[in-house]
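Subject: Structure handover

Hello,

Here is the structure I promised to pass on. Please open it alongside this note.

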Amino acid sequence: MIKKWSDIDTHDWSNLLLGNGFSIGISSNFRYDSLLKVVDDKKIGMYPHARDLFNEHKIGTTNFEEVLRVIYHAYLVNFWNVDAIKTLYFNVRKSLIEAVNCAHVDYESVDVQSVESVLSNYRKIFTTNYDLIPYWSIMSSNFYGYCDYFWNDGCSFSPRNTEIWGNETPIHYLHGAIHLRTQPDGVTTKVRATGETSIKNIIGETDLKNIPLFISEGKSEVKLRRIRENDYLSFCYNRLMNLDGNLLVFGHGLDKEYDEHILKAIKSSKVKRLAIGVFSGMTKEDKDVFVSNVNAFFAGSSIDIDYFESNTHPLSLQEPA
């Protein structure tokens, strides 16, 4: 049975997991299957040989981050055509910036205070979204009451310094985010940004050594492989795997093909109760299939599952009528 949020909100929902449906509710721009499709559809000026790198006979990915890493490694080991490799790198990066500009929402279009007022009710926040909406929202309170583990020198993450002092709510970017980047030594850093900071300045165009860190698409096994290659992403994923208490999932399709690593993390966790938002725009038949698939995955688990209509939750206030 799919309930209203008011029927179950009396439980202690201390943890929150956001999916792309949350962002789509704020802007239909986020409906794109991939940023590479944005490049193709909008005819963004990527060199043909750069676009070819994404195809199956080359790197075989839709993730810009993976292609940029490969080009950078080629730059490190190549002693000829270095300038050509740099040009290729910056063309791909420029295409990424233009694609994100097309697929992202403007700061002025987001009611960040309303979003933050809802986020403030949770003790731990997880998100698989690469966009800036959660970051903008917690920045609207000047980060008061929140933390993100990037408190080391140069806004960097260190797996040896993750203890939280006080009652701050940590946010975990499970798939990275636009404002995160990796360096050649593996260190992950955060770019400080405000609503006035452009996507171009956040991603950056001038430095080969800082590669944007966000997994915006790909099948579950590909996402998990990339997560395990990065100490920050792996740390966040482990935190989800070891989560306890009750967990609210909002805006997440929980598709086994693309989200199985998320489903497995929740199933292996110490979560006692799970509330899953069901997209209210689906037909009854599709809702039944969604519920059936999730129930089948968690069969044998001790986790109690509640389902609720997404448009009855405060986070759906941003959705168009």
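Predicted model: local features only at pLDDT ≥ 70, side-chain atom pairs only at ≥ 80, totals over all residues.

Residues are numbered from 1 along each chain as its sequence is written, and side-chain values use heavy atoms, with hydrogens and water left out.

The core

The largest nonpolar core has 99 residues. A nonpolar core is a set of buried Ala, Val, Leu, Ile, Met, Phe, Trp, Tyr and Cys residues joined through side-chain atoms within 4.5 Å. Buried means under 20% relative accessible area, with a 1.4 Å probe and protein chains only. Leu16, Leu35, Phe64 and Ile266 have the most contacts inside this core. Helix H6 (residues 82–103) gives the largest share, nine residues. Helices here are DSSP runs (H or I, at least four residues), numbered from the N terminus.

Take Leu35. Beyond its neighbours within four places in sequence, Leu35 is in contact (heavy atoms within 4.5 Å) with several residues, including Phe64, Leu96, Val100 and Phe214.

Helix H6 also holds Arg93. Arg93 counts as buried because its relative accessibility is 2%. Its side chain makes a polar contact with the side chain of Tyr89, at 2.7 Å. A polar contact is a pair of N or O atoms within 3.5 Å; within protein, one must be able to donate a hydrogen and the other to accept it, and residues adjacent in sequence count only if both atoms are side-chain atoms.

On a 1 Å grid over the protein atoms alone, a cavity is a set of points where a 1.4 Å probe fits but cannot get out; a pocket is an open set with protein on both sides within 12 Å along at least five of seven lines; lining residues have an atom within 4 Å of a point. A volume is the space filled by probe spheres set on the points.

There is one cavity of 30 Å³ or more. The largest cavity holds about 40 Å³ of space. Its lining includes Asn63, Ile215 and Val222. Helices H5 (64–77) and H10 (220–229) each supply at least two lining residues.

The second largest pocket has a volume of about 210 Å³. H5 and H10 are the elements that give two or more residues to its lining. H5 supplies the largest share, four residues. The pocket has 14 lining residues, and Arg69, Thr182, Gln183, Pro184 and Gly186 lie nearest its centre.

Best wishes

Definitions and conventions:
Buried < 20%, exposed > 50% of the residue type's maximum accessible area, 1.4 Å probe, protein only.
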